[in-house]
Amino acid sequence: MIPSIHKMGTRTIGLIRYLYGPGTHEEHTDPHLVAAWDALAPDPGRDPAATYEDLQQLLDQPVEALPKSRRPTDHVWHLSVRAAPEDPILSDEQWGEIARRMVAATGIDPGDGAGCRWAAVRHADDHIHIIATTVREDGRKPRRHNEAKRAQAEARLIEAEYGLRRLNTGDGTAARRPTSAERHKANRHNQERTARETLRETVRQAVAGAHSEEEFFARLTASGLLIRQRVAQSGDLLGYTVALPEDRNRHGEPVFYSGSKLAPDLSLPRIRERFTTPAEASGDDSGPGQPALPPVTGPAFARRRATAATWQALLIIDQGDDGAAAAQIGDAAEVLDALAKTSAAHTRKELRDAAFAFERASRSHVKAVRGHDRALRQAARDLVHSGPALGRGEDGATTAMLIDMAFFLATTAANWHAKKHHAQQAAAARQAAEHLRAAYQAAATQPIGVLRQRGQRLALHVQQRQAAFVRQALPELAERILAEPGWPALAATLTDARKAGYDPAALLAEATRRRELDTADSISDVLVWRLRRSAHLPAAPEAPQVGSARGGRGTPPAAPAAQPASKAASDSTRRR
């Protein structure tokens, strides 16, 4: 159940006519009162003798009784209360009781016998509107402090008592929801999302990995948005607004939104916080105290680097302090935005939906401590600058590798938020994880399928040897892994790693040492991507080995992981 307090109005009769009228799109049916401050209040919807003016005059009486100098200009209060689509249809008596509880909770009519006058109108099955005038019977103003929070708290109690869908309590950090007018406008134009939501997504993609205001605004311009900048007399840039070229008001003018109206962290001052580290100010992408990173050579390279950064972010969220974890979760949202922007067609929708959902998980009241670990922001930048990825070959396989790791990051973020009692953020991260799960299935089908075929063609003694490695490294999960459909793909990967000079048992131990696996749908798939990343194997099974003369686009140079002892032992074994 969602209570929404609307902008204060000046004309009581105008709102009454809307509530009892046909609606903007003829959607109002059988408008009538379900409750009011007085049981004898006139109902223009059901009583032919009652008029809109009768109800308006009674509602306005306390206002008119004041001297003109004391009458408030904006005195019309408006609250809508909407049930969830899956909730049962409530009766008029139930809606009437809900209305009485809402006006009491918000301070409009606290039940002291001298509250404001109000009326609750129902013109649809799933919601009511409450209109009130904000002068009490005793001439005083109502106490409406924190009325929105109190309305939400009362809604949670009503949901529990009526057996309705339980919504998560917010903390004031969510982006503004589209208005009903914006939703109707999107429906009229057959658009999946409102202009506000489309602009939010576009601005988030523009800021993902950007290193300066100039780069941010250049990306906004390239995206085709209309941009207005607010500049002080001193020449300093104070803010910005954006609009879709095709989104116009009734006068034919573009509808502009400021960054803060799109999301709290999209205001210009909040965006500038992402550009304030010395490393980014100087253009050094490696971060403080880190060696310079090699240039990105293509989408596959960018995805490998992003996978490594995501792995490190997982460890920080698990083990770091709250400020560092909040920064990593916020930066992870940029990676998802950049990945959605550069993804191939068969994964684009699910990745867009994942980024759209995770946006809510990227903010909380825990202040992000930025400035020392910029790996995820650099990964987002790499993804954007490497360009769109192909849906096949090394590009497609490394996309599956990154999505697999992003799924675990979203799950980790959900657990972190749940421990902090951030209900909305935890739910958003879990929703993003489900979209990532679907995107992974689309991205991994081809490369994992080829690896499975290779694994099935391995000699029996080779398969037995790889199974022994699994039992040695993962005794508790080994039988489950060996029974999975993806086991042949893991066997093929272990064979590739051994041929490249790595100790398969050591790789397996490293891949599982710091992250749990038993919640994965396919442990085999997870281990395939972790091993191919850590052993610097080509993600696409048909790609040539790293370092060969035929190395493909985006294949990083061979840089063995920290396993010289195990590698030497393996070399010695092969020589014997």
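**View 1. Arg101 lies in helix 3 (residues 92–105).** Helices (H or I, at least four residues) and strands (E, at least two) are DSSP runs, numbered from the N terminus. This is a predicted model: local features need pLDDT of at least 70, side-chain atom pairs count only at pLDDT 80 or more, and totals for chains, interfaces and linings use all residues. Residues are numbered from 1 along each chain as its sequence is written, and side-chain values use heavy atoms, leaving out hydrogens and water. Arg101 has 15% relative accessibility, so it counts as buried. Buried means under 20% relative accessible area, exposed over 50%, and partly exposed in between (1.4 Å probe, protein chains only). Leaving aside residues up to four places away in sequence, Arg101 touches Glu154, Leu157, Ile158, Glu161 and Tyr162. Contact here means heavy atoms within 4.5 Å.

**View 2. Arg140 is found in a loop between strand 5 (127–133) and helix 4 (147–162).** Its relative accessibility is 47%, so Arg140 counts as partly exposed. The side chain of Arg140 makes a polar contact with the side chain of Asp138, at 3.0 Å. A polar contact is a pair of N or O atoms within 3.5 Å; within protein, one must be able to donate a hydrogen and the other to accept it, and residues adjacent in sequence count only if both atoms are side-chain atoms. Cys116 is 24 residues from Arg140 along the chain, and their C-alpha atoms are separated by 9.2 Å.

**View 3. Phe216, Phe217 and Tyr240 form one aromatic cluster.** Rings of Phe, Tyr and Trp (its six-membered ring) pair if their centres lie within 6.5 Å; planes under 30 degrees apart count as stacked, over 60 as edge-to-face and the rest as tilted. The count comes to 5 aromatic pairs. Among them, Phe216 and Phe217 form a tilted pair, 5.0 Å centre to centre with 55° between the planes. Phe217 and Tyr240 pair edge-to-face, at 5.8 Å and 85°. That pair links distant parts of the chain: Phe217 is in helix 7 (residues 213–222) and Tyr240 in strand 7 (residues 237–243), 23 residues apart. Phe216 is buried at 0% relative accessible area. Phe217 is buried at 9%, and Tyr240 is buried at 4%.

**View 4. Arg193 lies over the face of Phe356.** The distance to the ring centre is 4.2 Å. Arg530 has its charged end over the ring of Phe408, 5.2 Å from the centre. A charge sits over a ring if NZ of Lys or CZ of Arg is within 6 Å of the ring centre and within 35 degrees of the ring normal.

**View 5. The largest nonpolar core has 89 residues.** A nonpolar core is a set of buried Ala, Val, Leu, Ile, Met, Phe, Trp, Tyr and Cys residues joined through side-chain atoms within 4.5 Å. Phe358, Leu436, Ile481, Trp487, Leu490, Leu527 and Trp529 touch the most other members. Helix 15 (residues 393–419) gives the most to this core, with 14 residues. A second, separate core of 24 residues includes Leu79, Val81, Val103 and Ala155.

**View 6. Helix 12 (residues 322–341) is largely enclosed by the rest of the structure.** Of its 20 residues, 17 are buried.
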